[in-house]
Amino acid sequence: MKPNRKGTLGRLVRTMLEFYPLMLPVTLACILFSSIISSIPAVFLQQIIAVIEDSYMAKDWNAVSGEILRLVLTLAALYSAGLVSAFVWTRLMAIITQGTLKKLRCKMFNGMQNLPIRFFDTNGHGDIMSYYTNDIDTLRQLISQSMPQLISSSVMVLTVLFVMLWYSVWLALVAVLGVAVMVFITRKVGGGSAKYFRRQQQAVAKVEGFVEELMEGQKVVKVFCHEEESKKDFDRINNELFFDSKKANTYANTLMPILNNMGNVLYAVVAIVGGLLLISGAPNLAISGLAIGIDIVVPFLNMTRQFCGNISQVSMQLNPMIMGMAGAQRIFDLMDQAPEEDEGTVTLVNVKEQRDGSLMECPERTNVWAWKVPQSDGSFHYTRLTGDVRFEHVDFGYAPNKTVLHNISLFAEPGQKVAFVGATGAGKTTITNLINRFYDISSGKILYDGINVMDIQKADLRRSLGIVLQDTSLFTGTVMENIRYGNLDACDEECIAAAELAGAHDFITRLPDGYNTMLTSNGANLSQGQRQLLAIARAAVADPPVMILDEATSSIDTRTEAIVQQGMDALMTGRTVFVIAHRLSTVQNSDVIMVLEHGHIIERGNHEQLIAEQGKYYQLYTGAFELE
């Protein structure tokens, strides 16, 4: 769909007005005032020439000096006022520009926190980063330079045109016809660049995404000797950017020389026509009725130069305007992304148990949690959080008409350890994604402590769950801060206890600054196993009743796994745990093991039962069949 640039510009102005309801009108008024002041020198030049002519004819040089002094002082006063006005609007515009960008970045980032996981699964990280870098930068140029210059030049064009018409309709018509030709050329030449400037924005985002992806996977590139293929892929994407940028800037760079030469030609034509009118004494049709003379022709030539110059300035801003509009359109498209739907009304609260066994909400932290369920009469019922999870005939597909889970029914009672085993793509991780509502099911029902998860607010639902993923994500900060990420209210002692539980304490104390060691670039200064241990400690400090371990020990060597397993066993005690693992040794002690194949549960039972059945799990365990 073709973007509506007028709608985008209007929305941008409304947004800026929303952010700065007083400052923006004041800035606009100052721009208008300084632009009008910059357009009136020709008026004073005409009056000065007229005074000199009259004084020459009357031979009264004393009168001319006083009148010229008055005109010069008046012009100086107006220029001073214009200078002050220009100083004010440039200062205010700097505040408005940076403030608008700051607020838009905040709106984008805050909005992204409410987007569903599906958005991040379907959009490259480099493309998303481009919103905050390339698109914001083009918007900065639009707000700080193009818009003020466009307004100023447009006002000066209108002001000068009015003065030209006042002085001489004939000469003004010549200038207007010349400008009409310039506008026609601008539309023909400049109009072609709009498409390529929009494509340039998209190509820049594509390049940034490719580079980020290659930087993250540089080790893989080196291992598989894929450097030459990567160069070819980058050259292809870079050539697309080059082509779009070349076409856009070819149009843009061609326009200015044409307009400048057109301006020179128009200046010469006005000079010739004015000279002919001056020599022939042809009747002048000026609105004011002034007879054409040297005092009209000389300032008119100056106004022609000013008129053409401002037309050129307007034309110069068209391409930055197009680029800025393309960036603004992408930014608004991101802001308009539908947020994650959450119609849940059940919340998670701290409670304390009364003598009669009932639960009462407590504002202080008690480490006893309950679901606060609203009732039809306006009251609330409190259901203790225990970690009972049940699937009832659940179907799910990431895309319509493409089901990946079929009629999944299972239950995990409080304190049970449930393991999922199956080939890649069987649906193991998908099941855990449905528990925390990263995705919503197509049909069926998921119950959490007897409550439909669709009725629970997502933030509260996820607060009750802990998750350790196969791919760890650590953030810039200290080791202590990364562990505390699981529970911002946790004190240092609780974070250290969680690290000890996960088996991470020993290696942390050997770091240069211990728990105060700074981590950067996703913990690049740690081994993969150490990063995984920190992720486990982060989940442990959250102390949730339900824990999801998605290949949590896959990046840990066998020796480290033995150490971690002890902490994991302690961590899982008293909790409902869902485990996904390719190493069958890590799931043997599970209460229930479910074997998945193509989105179906084909076997279920504990280790001994499944071995006795001699089905798919038996084949996996004995090596007769291997997971892919």
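Predicted model: local features only at pLDDT ≥ 70, side-chain atom pairs only at ≥ 80, totals over all residues.

Student: Which residues of helix 15 and helix 17 make the contact?

Tutor: Helix 15 contributes Glu494, Cys495, Ala498, Ala499, Leu501 and Ala502. From helix 17 come Leu533, Ile536, Ala537, Ala540 and Val541. Sorted by class, this contact has 10 nonpolar, no polar and 1 charged residues.

Student: What describes two packed helices in general?

Tutor: Two packed helices are described by the angle between their axes and the distance between the axes. Here, helix 15 (residues 492-502) and helix 17 (residues 528-542) pack at an angle of about 125 degrees, and their axes are 8 Å apart. Angles of 65 to 115 degrees count as roughly perpendicular and those over 145 as roughly antiparallel, and helix 15 and helix 17 are therefore oblique to each other.

Student: Now the sheet, please. In what order do the 4 strands come?

Tutor: The order is 6-5-8-9, in an open sheet with antiparallel pairing.

Student: Why is one side of strand 6 and of strand 9 left without a neighbour in the sheet?

Tutor: Because strand 6 (405-412) and strand 9 (451-452) stand at the edges, each has a single partner strand. For strand 9, look at strand 8 (residues 443-448): the two pair in the antiparallel sense over 2 bridges.

Student: Which helix lies across strand 5, strand 6 and strand 8?

Tutor: That is helix 12 (residues 428-435), running at about 115 degrees to strand 5 (389-396).

Technical notes. Residues numbered from 1 in each chain as written. Heavy atoms only, no water. Pairing = 2+ DSSP bridges. Contact = heavy atoms within 4.5 Å. Axes fitted to C-alpha atoms, helices over the stretch in contact; angles between N-to-C directions. Parallel < 35°, antiparallel > 145°, perpendicular 65-115°, else oblique. Nonpolar A, V, L, I, M, F, W, Y, C, P; charged D, E, K, R; others polar.
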